[in-house]
Amino acid sequence: MAEVLRPQMMGARVSRLEDPRLLSGQARFLDDIQVPGMLEVAFVRSPHAAAKILSVDVEAARHLPGVYAVMTHQECPVMLWNKESYKVGQPALADGEVAFVGQPVVAVIAENRYIAEDAAELIRVEYQAITPVLDMRDAIQEKPRRVHEHAENVFFKKSRQTPGFDEAFAAASHHLTASFRTNRQTAVTMEPRGTAAMLDAASGRLTVYASTQSPHRMREDICNLLDIPEHLVRIIVPEVGGGFGMKAACYPEDVVVAQAALRYRKPVKWISDRLESLESDVHARDDIHDVEVAFDDDGKIIAIKDHLMADGGAYPAYPWSGAEGETGLAARVLTGPYDIPYLATDIDCTYSNKTPLGSYRGVWGPIASFIQEGLVDRVARHLNLDPADVRRRNMIRKEQFPYRNAARMIYDEGSYLESMEEALKLIGYEDFRKRQAVLRQQGRYVGVGISVFVEPTAMASSEAGEVGYESCTIRIEPSGRVTAAFGLGPSGQGHETTMAQLLADQLGVPLADIVVLHGDTDSAPYGGGTGGSRSGPIGGGAALVAGRQMRERLIKYAAHLLEAGEDDIELGDGKAWVAGVPDRSLTIRTIAQTAYMDVSKIPEGLPIGLEITGRYLPKRPVTFSNGTHIAEVEVDVHTGVVKVTRYAVANDCGRVINPTIVEGQIHGGVAQGIGAAVLEALRYDEDGQLVTTSLLDYLLPESTDVPRIDVHHIETPSEGEGGIKGMAEGSLIAAPAAVACAISDALAPFGGMVDTLPVTPDMVLKMVQDR
Amino acid sequence: MADERVEVVLQVNGREHRLEVSPRWTLSDVLRHQLGLIGTHVGCEQGVCGACTVLLDGEPVRSCLMFAVQAQGQHITTVEGITPENGLSPLQEAFRAHHALQCGYCTPGMLLTAQALLDRDPNPSEETIREALTGNLCRCTGYQFIVDAVLAARGQGRGA
């Protein structure tokens, strides 16, 4: 009985444990790491998209009072180069040539950032500019030249086709072609990147403070690149002010800072300013898809052919290029939630003279959804069918799970059609169509866009790396209080709360008695970190596995000390008791004191102490979350401005650990999706200069740009631990497509359809005038 | 030249500080590095993101766009200054209850902008709240829970 009545923390709307320090200004972010004698770094960056370096004169800078050292490639001869995958690497500091605007060339190390920047201005670099490679289609044809003389521009090429594709494609009664373009965007974490490094006074080891999503990955990268054994490096991740995939990579600046600390035996810190962020944080979404779709008279889609192209920038981000991630997975999940039997994809990823492409939340997904939903809407419009009906006709049905898609990805069970029907209800679809007709009569253009998404989560390999498992070390202290350490790298997702919720249920202790540790390779068990929506399902799975093992041990103790059978022991409220006899109880504290202090009473066969590391490797290589977003927009056909006015989400991420946190993730992803759909673009001019170098040029959604978002939860459990699926990317996967489809719907009377993101006012006006 | 120092007297969170600063040091840098008030965050140094918002005589300003010497004699309030000795203020409690923060980087600036709004208008509408917050960018929350928190904190004052 007690078991049933006890509140279950999993699924509860618990307020976050991390909030008080963040709300009171006590949280310590990277720039808050300060030790005596700490030096600061400013980088001299390339002003050219492509140039030979003829000379570098650092003498004036070196002699400026307050300057400690100046580093060029000679002082830091390190290449960020994953030789197994790419023919090209990026030198940490430029070596004889530069290949994008913002590439680090020289590092100045000074008493403070003001002096470092003064000195940076005194450095004279003589460049000989060369023709930049800026157009993706040209670059694929090796025009106007190769970006790197010794390597072809196309660095990732892959073709895949469902058997029987050509016959099926040719036999279909209708065909349409379209070309889709997503323009460069970037994550823009509110806390810019930063790194600090110092030699540990006690041990002489190197400590690197990193604003990263993956502590162990960062340790591995620093060790490999600087040739230091792992046990001599400690990574500490302080509070991280947003990551969104962008902080999953190891960057040249991380390496330079670590090298400076080693070389000069001084604490060294670098904090990016916003100009540096926009130029040198990995970019994303620079993709073109040339697509053909074949379908029958009823709108049943039979086959999709797609030439996927991505501009990977000047170098592969280390250790992976985002271009490969965006196209490689898009090609495998391009059919989304639809039962489309035939798919043919050709991928070409090219170098250019732009910032390297890396990961940004959703990676492939926002692009693939934009294409997949854009195609469905084109089919609907071509056949004059309702877009919701065409989706119904194509949707994968419950009885088809586990479903193998045309690219041979296996989908576990989801609620595809159900989520769409729910979202249609939330937005009031039937009523909307009537309203839309009336408003059109008045010269007002409103539209809805439906975006049904699948979200592969908890993948064996993701932006967080190739580590498919996660670990949790639980230590119950002699006081009965619990610390639980993970290799995760949260950046706002609330893992300290959600992991504690899972553990509280297993250990029968109050939430307040649990502290979740993360972000320190000295205390955390080895783990992959946070990325690819893996922390909930895999990290949470590790919490459940370790929690269960510890629970079993506590029960053994309680049975022994209370002289009862193990099956009769219950745990809760920090106590263990005999079922039905609540008086026969003892506290977890008593068990812990026995385990550490009164060791002669430890049950036979159990070790001293209460410490366990549990690991969890999901059986499936991926679990799919799903859902439907519906956006309503109003388009001002005179100004071209798009306003997102209403928004509904039906979301299914399996068993929910904390609905409030899930909703927060959805809201944030929708906001980023609205940015992706109508605001955010990194623009280069014809010389390869990035012209969007402030947040006045690169526009983020503000509080008035995001409408209220109505969220409904559906729970189709995964087959993994706890039934949990990942969920942090789905909202950004679905939202740009929802808004784009809504704009196409609003502008239907003018005939055009959105094919480029973001949709700018100029593009809207052109669609209106092209009628 | 770069290292010239001048004296400035700043009133921060009700305390007077006499400091030697370089005239070119921004207010945000002095608050953070000289006074250790690390709750003030710097997000863009271009005056756009609002993370560095502090109150100057009760009005929200960007501390990254001001030199510390310009704040001579004025009353500066940082997030530390709106935090009660024990626990959280009604607005901070509302932020927690409504999950109005994720990574927490924009949060101090958001709190100060919202507090200034509530100080001058104890009962703002949702539209007024959204307008007031347009100068503070948040990349995590999509703003809805922040707006909900400010709505919930209406009429409760600053607390202890």
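The following legends describe close-up views of a predicted model.

Because this is a predicted model, local features are given only where pLDDT is at least 70 and side-chain atom pairs count only at pLDDT 80 or more, whereas totals for chains, interfaces and linings use all residues. Residues are numbered from 1 along each chain as its sequence is written, and chains are lettered from A and ligands numbered from 1 in the order in which they are written.

**View 1. Overall form of chain B.** The secondary structure of chain B comprises five helices and five strands, where helices (H or I, at least four residues) and strands (E, at least two) are DSSP runs numbered from the N terminus. Along the sequence these elements follow the pattern β-β-α-β-β-β-α-α-α-α. The radius of gyration of chain B is 16 Å, close to the 15 Å that the globule rule gives for 160 residues, so chain B is as compact as a globular protein of that length; the radius is taken over C-alpha atoms, and the rule is 2.2 Å times the number of residues to the power 0.38. Along the principal axes, the C-alpha atoms of chain B fill a box of roughly 50 × 30 × 25 Å. Of the 160 residues in chain B, 56% are buried, a residue being buried if 20 or more other C-beta atoms lie within 10 Å of its own, exposed if 12 or fewer, and partly exposed in between, with C-beta atoms placed from the backbone.

**View 2. The two domains of chain B.** Domain 1 (6-82) and domain 2 (90-152) are given by the domain assignment of chain B, with bounds that come from an automatic or database assignment. The centres of these two domains, taken over C-alpha atoms, are separated by 21 Å. Across the boundary, 17 residues of domain 1 of chain B are in contact with 13 residues of domain 2 of chain B, a contact requiring that the C-beta atoms of two residues, placed from the backbone, lie within 7 Å. On the domain 1 side, the elements that give two or more residues are β3 (53-56) and β4 (59-62) of chain B, and β3(B) gives the most, with three residues. This side of domain 1 divides into eight nonpolar, eight polar and one charged residue, where Ala, Val, Leu, Ile, Met, Phe, Trp, Tyr, Cys and Pro count as nonpolar, Asp, Glu, Lys and Arg as charged, and the others, Gly among them, as polar.

**View 3. The interface between chains A and B.** In this interface, 43 residues of chain B are in contact with 44 residues of chain A. At least two residues of the chain B side are supplied by each of α2 (90-97), α3 (107-120), α4 (126-132) and α5 (144-152) of chain B, and the largest share, four residues, comes from α2(B). By class, the side of chain B that touches chain A has 21 nonpolar, 15 polar and seven charged residues.

**View 4. Surroundings of A:Ile661.** This residue lies in helix α18 (residues 659-678) of chain A, and A:Ile661 is buried because 25 other C-beta atoms lie within 10 Å. Not counting residues up to four places away in sequence, A:Ile661 touches A:Gly494, A:Thr498 and B:His99. A:Ile661 and A:Gly494 are 167 residues apart in sequence, yet 7.4 Å apart in space, C-alpha to C-alpha.

**View 5. Domains 1 and 3 of chain A.** The domain assignment of chain A gives domain 1 (2-27 + 469-616), domain 2 (33-130 + 188-280) and domain 3 (377-461 + 621-769). Although the centres of domains 1 and 3 of chain A, taken over C-alpha atoms, are separated by 38 Å, 22 residues of domain 1 are in contact with 21 residues of domain 3. The elements that give two or more residues to the domain 1 side are α15 (495-507) and α16 (535-562) of chain A, with α16(A) giving the most, seven residues.

**View 6. The seven-stranded sheet of chain A.** This open sheet has the order β3-β7-β1-β15-β12-β13-β14 (chain A), with mixed pairing, two strands being paired if DSSP finds at least two bridges between them. The edge strands, each pairing on one side only, are β3 (67-71) and β14 (233-236) of chain A. Strands β12 (residues 194-199) and β13 (residues 206-210) of chain A run antiparallel and are joined by five bridges, and the bridge partner of A:Met198 in β13(A) is A:Thr207.
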